[in-house]
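Please read these notes with the model open beside you.

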Amino acid sequence: MTDATSHAAARSAALSAVVSGAPSARVRLDRLWQRGRDFLGTPTAVMGGAMSWVSERHLVSAISNAGGFGVLACGSMGPDQLAAEIAGTRALTARPFGVNLINMHPALDQLIDVCREQAVGHVVIAGGLPSGATLRRIKDGGAKAMGFAPTLGAGRRMVKQGADALVIEGTEAGGHIGPVSTTVLAQEILPDLREVPVFVAGGIGRGEAILSYLELGAAGVQIGTRFVCATESIAHPNFKQAFMRASARDAQTSVQIDPRFPVIPVRALANEGSKRFMAFQRDIIAKVDAGVMSRDEGNLEIEHFWSGALRRAVVEGDVETGSLMAGQSVGMVTREQPVADILAELIAQAESALARRPSDEASLIPMAESPVGAL
Ligand SMILES: Cc1cc2nc3c(=O)[nH]c(=O)nc-3n(C[C@H](O)[C@H](O)[C@H](O)COP(=O)(O)O)c2cc1C
């Protein structure tokens, strides 16, 4: 079915639903992601996943203005830069947006304080499990605290320590990734972790996929790759071209060359930069082995490598030696589109899938809350 026909199908189903008195597909979708919408304060429970160098004021405000929830990527910014970026985003949108901070950032506490001073509503901690102290610092500042849960156990611990919501991100995603697929993580975590809203990320390219995770109990979703080629994204035209040309199989993971040195894998479009990372890794390991560098310093160096390589590709357009971080859904990125159109397309796909189903109220209950989910 083309997007035009799926739009038409959703519209006609909505019309017949009105005639029959059954709730329209949009009403049913809104009920399914109500928890996520309430948590984020947005019309749709679609988070724009923070992407270093890409998720700056323009893309973030565009996502929030279109009804999603934009998230600023702090990446390696210092406190002053972050303060300026938050203020710049606020100048472009009156809607809610969040800030993503990297757990291992040496100035993490000061960055949290900046979020507090700027009255940011939601802070997402990425790149490792946040400590209880970090979560408390965020919450004491009045913001909602979110973290990434790699397993059910880690998610439960984070909730006990005060996390207000979680993101689960599968290995299909772009950027730094875990080893488990989105579908498996979702099945392992969503039915059992109901205390806080959980947002699913990784490999989401169509609305039908959003719907399936909502039905499994997700409060909403987080999407990165699909937004890279948004018209409002400041990513270099070369970076966008590489995305539009690529297929799913081009988005490959970096290889860890020494089990004693647990480098977090990164998914990116394969290029000369991916090869250079191997040589860089060897160099760092040799330095750690020789006692010239500690493991922590080695990890930080590797983070700097990625941040620098991603900057070269996103900002300068060096798609040969820069890093083209991208998720497997990159094959579904075929053209530049305004954020509002991307969101409308995803919603129309979810609605049209709902409209094709019987409209009995039972189908509105997320699986985890239904008697079947409790078995
Ligand atoms: C270019 C790029 C940069 C990213 N940078 C970050 C980051 O700085 N912090 C973070 O938490 N996630 C980062 N991510 C992950 C996204 O926030 C999001 O969770 C992921 O893209 C979702 O999967 P998808 O790409 O399949 O939609 C990045 C992803 C991409 C593609």
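Predicted model: local features only at pLDDT ≥ 70, side-chain atom pairs only at ≥ 80, totals over all residues.

1. Two residues are taken to be in contact when their C-beta atoms, placed from the backbone, lie within 7 Å.

2. Residues are numbered from 1 along each chain as its sequence is written.

3. Alanine 45 sits in the loop between α3 (34-40) and β1, where helices (H or I, at least four residues) and strands (E, at least two) are DSSP runs numbered from the N terminus. Alanine 45 counts as buried because 28 other C-beta atoms lie within 10 Å; the scale calls a residue buried at 20 or more such atoms, exposed at 12 or fewer, and partly exposed in between, with C-beta atoms placed from the backbone.

4. Strand β1 (residues 46-48) runs parallel to strand β9 (residues 220-223) and is joined to it by three bridges, with methionine 47 having glutamine 222 of β9 as its bridge partner. Two strands are said to pair if DSSP finds at least two bridges between them. Eight strands close into a barrel with parallel pairing, in the order β1-β2-β3-β4-β5-β6-β8-β9.

5. Isoleucine 210 belongs to helix α10 (residues 207-215), whose buried residues are Gly207, Ala209, Ile210, Leu211, Tyr213 and Leu214. The elements that cover these buried residues include α2 (25-32), α9 (182-189), β8 (198-201), β9 and α14 (339-355). After α10 comes glycine 217, with a positive phi near 120°.

6. The ligand lies between domain 1 (3-227 + 338-370) and domain 2 (237-330), because both give residues to the shell around it; the domain bounds come from an automatic or database domain assignment. Of the 27 residues around the ligand, the nearest are Gly49, Ala126, Gly174, Gly224 and Gly327, a residue being near if its C-beta atom, placed from the backbone, lies within 6 Å.

7. For the protein chain overall, the secondary structure comes to 15 helices and twelve strands, and buried residues make up 49% of the 375 residues. Among contacts between residues at least 6 apart in sequence, 66% join residues at least 24 apart.
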